Amino acid sequence: MRLSRYFLRRRWDEERAGEIKAHLAHEIDDNLERGMTAEEARRHAYIRLGNPARIREQIWTMNSFSGLETFARDLRYACRQLARSRWFTLTAILTLGVGIGSIAAIFAALDAVTLEPLPFPQPDRLVAIRTVPNDTASIPTIQDWQRRSSSFQSIAAYRNWSPEVHTPLGSGGRVIEISQNFLSTLGTSVEVGQDFVQTGNERDCLQQVVLSGRLWKQFGGGADLAGTTIELDRRTFRVAGVLPVVQTIEGPYALNHPDIFVPIGCDPNVRVAERGDTDFLVLGRLRQGISIGAATADIAHAAATLQKDYPHMYGGTGIYGRPPKILPWLTVVTGTSTGPSLLVAFGACGLLLLIACANLANLMLARNVRRRHEFAVRATLGANARQLLRQVLIENAILVIAGSLTGVLLANGVIRLLREARALRVPRLDHAYVSVPVLLFVVSVACMVVIFVTFLSARRTLRPALLRDLAGHGRASEGGSLRRTGRILVAAQIAVSTVLVACASWMVASVYTLLHQPLGFSPDNLLMVGVDIQHSSALPAYNAVQAASFYRATVDALGYLPGITSVAATKNPPLGSAINQYDFCSDGHLDQCANPTVIAPDSYDITSGYFNTVGQSLLKGRDFTDADNAGSPVVIVNQVLAEREWPGMSAIGHRIRTGELNGWATVVGVVGNVRSYSLEAAPGPDLYLPMTYAPPTHMVFLLRTAGDPSPYMEMVRRLIQSQHRDLLFYHLRTMRQEMNSEVELRSFLMQVAAVFGVLSLALSILGVYGLLAYEVSLRRKEVGIRIALGSSRPEIVRLVLRQESRWVLAGAAIGLIAATVSGYALRSQIYGVRENSLTVLGASLVLLMIPALIAIAVPARQVAHSDSLLALRTE
Amino acid sequence: MFYRRYELARSNKEQELLLGTLDMLILRTLQLGPAHGHTIAHVIEHTSDEVLQVEQGSLYPALHRLEDRGWVSSSWGLSENNRRARFYKLTRAGRKQLTVETNRWQSMVQAIGSVLSHAGKSREVRG
């Protein structure tokens, strides 16, 4: 019944009007009968009835859904008000959009990468077992771990393999070698065909493979495997089974969506059954109810028993010296530092959103105060504080909704950018999108923002002191608490910005330090070309002399190319992340020779002239010459090794024993240290041998060029290929490219951090400027008086600066303390934090204070230069 | 927080009673026959010997409410003075409601009465 009344209420109102008119007519008639005059009759009738308009209003209200109607009216009014202050609205929506959008994007990434469970049964039971420090283990070790511990349901091994792949589709495909229980440990199984049987012994390696469902679909799919084969390294493998199409296996390196699963032991170049061949990564499934801590203790115990049984292999400071650590498989898939990094990013976005909200609250504070006249009029006309609050709330809600929509669009774009960012290499990031949980998150954030901002800015303006506000007075003597709130907000923004700017600066400093620190060699104009001569026409069967002469001849030939200053070759170039360790002892520590262990140093096989080409300094002794032969072997050590083995003495003439030569050699030279592993790892002990003793099957040629090395790449390739067409090339890049790719992720994060820093800085300075502009406008009268009384304009500016910079400095000081704490918390992520910190903190302070002071000075100057007469007259 | 609620009778605990009472009185008046708003007010005042003064501003909202609930129905007609007026008539549901309200009122009057007469006697609380 109500609904029909609602739609007909206009007609009802007309009828009511008529009815009331009739009532009045009757009353007037009665009054006339009672003897009043026409005038009196009318007056008494109206007095008796009351306000006809109010009666009609009451009935109209009874016919309406008053709540909704008031809401609709407030909505229209709010939109009108917002449209009138266009700049404020635009700024507010943009700031909110940036804040909410960034936090939504990071949340989407977090959701996809860390919160979404892995597509395996009971994925929390899956773990990775990593030895310290190399992460890898050998097959017999893994089998012993399983036998000697009780925490694991099964332990599997896997390894990357890069053979030449030939399939019915052509060539190419990602191959992974897996142990027999790999698929069952994961919890998946073949859909078509059957899993393979394998014993880990290369002789028993049955020529079988399992394909991923995706690859099988590309072959044509179907349930019939009969006779399908593929070729790996020119050997034929039969397809034994196919995984389900939907089963995704993702992770770094070997686990990056592999297509071809091969049983371990099928790579004939690598031994498998030896305890010392540690090449395999380990995946385990914990038993029900066993925690990672318990499993770690269990496996440490097992490792200790292994150490007792095989002291040479696992003893002391050797590879297995420390107990292995266990990580959740999810961490391995996404990258060990991804979770924490994303959380840091989330925190940074939260801070940015906080700044945006504080800015908004400040803007609203100023705006609400300007609108006090309007609020006072409404209050006089009968609005109560609740209605005024509702209006403010609706306005803010509109702003936040618009800001959230902008933010969602922005988040979409940011997520797309993140997915395409090659540098991130985060495997599960392509699951990220603006999904329902993300939208719910945005909604809840928006609600919190609305409440926070409204109540922060609406406290006093809703109980207006009516008379004062109606008359327009009271602006100069604003409530101190109002201005204090504004100042506190801006000071807080400055503190937060200091933290963000400091963190960004730290990252910039990290990248800079990494790329410009002394490396021990000169990385500019250095070209690297790796050549694998195994199984090619250059080396059909392994022959030391043939290999050595190939390398020597190539080095010589390359040296004649125009623009090439010098050439040399090495098994592993600097920054190459290579580990080549053999058992080692020296005559400085003969006791170690009784039980030689596989231990650092890393060995490098080099041609003569290597140190000169690479720019490594020869400190004592001499370089290798062509005369050095295997009869009386010689080696060169670096400073770290020399000081470790023979502290305080000259290393020249001492003897060392290495498993690579299976004998003793004499030290003939000492070279400076280089960062041979990576940019971050400090130089370790290195041992250099002439490559003629045991020429490797692949070496990297290093060429020092006259100018930019990139143009020479083709020329070098062609020359090497001209003699032997079937050589395999790898590692073709310049040293600078290598360094840049190593800091790629850091650079990316640095750019992101820089964006954050700049945004927060801009927002804060805007906040300072906005607040100051408002403040000085309040003080125009005071300034006018001061000028009239004889102050000079620069004095006024200085006065304002002095007064206002106090709280800005307070904010910056708090920010510095917070930045220091953050720096400490993040010290593992920042390279060179100790050296750079003072510079960074100082620079951040300057970066913040100078624009802030300018933002204070500009409005101060404006008001100081205004016409003093006008200022005196203005209210 | 103080704010004013614009209700039918200026909200005061005493006069909320009057709200329901006004409805009842209107229904009773209409039981005697259909009438228009002015007449209803006049009749109530007259019958009570001018003791009950109907606030005419509340009359029409009350009539509207009664009509909303289906206790009265209305139509346009001509009054005694030959003026166009809206006449209200009691419906069957209205008749039933009148009985209900009358009973409620009488039981309330009885209750108040017994309390008042009791108060004259001894104040001892019987056990």
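A:Leu679 is found in the loop that runs between strand 21 (663-671) and strand 22 (686-690) of chain A, where strands (E, at least two residues) and helices (H or I, at least four) are DSSP runs numbered from the N terminus. This is a predicted model, in which local features need pLDDT of at least 70 and side-chain atom pairs count only at pLDDT 80 or more, while totals for chains, interfaces and linings use all residues. Residues are numbered from 1 along each chain as its sequence is written, chains are lettered from A and ligands numbered from 1 in the order in which they are written, and side-chain values use heavy atoms, with hydrogens and water left out.

A:Leu679 counts as buried because its relative accessibility is 0%; buried means under 20% relative accessible area, exposed over 50%, and partly exposed in between (1.4 Å probe, protein chains only). Beyond its neighbours within four places in sequence, A:Leu679 is in contact with residues including A:Leu514, A:Gln517, A:Met739 and A:Tyr831, contact meaning heavy atoms within 4.5 Å. A:Gln517 lies 162 residues from A:Leu679 in sequence, yet the C-alpha atoms of the two are 8.7 Å apart.

Strand 14 (residues 564-570) of chain A is also mostly covered, with 6 of its 7 residues buried. Strand 14 of chain A pairs with strand 23 (residues 698-705) of chain A in the antiparallel sense over 6 bridges, where pairing requires that DSSP find at least two bridges between the strands. Within strand 23 of chain A, A:Val700 is the bridge partner of A:Thr570.

We turn now to the contact between the chains. Here 26 residues of chain A are in contact with 29 residues of chain B, and the two chains bury about 2,600 Å² between them, 51% of it on carbon and sulfur atoms; buried area is the accessible area (1.4 Å probe) that two parts lose on being put together, summed over both. In chain A, the residues that lose the most area to chain B are A:Glu19, A:His26 and A:Arg48, together 24% of what that side buries.

Across this interface the rule finds 3 salt bridges, each a side-chain nitrogen of Lys or Arg within 4 Å of a carboxyl oxygen of Asp or Glu. The side chains of A:Glu15 and B:Arg86 meet in a salt bridge at 3.0 Å, N to O. The largest share of the side of chain A that touches chain B, 15 residues, comes from helix 1 of chain A.
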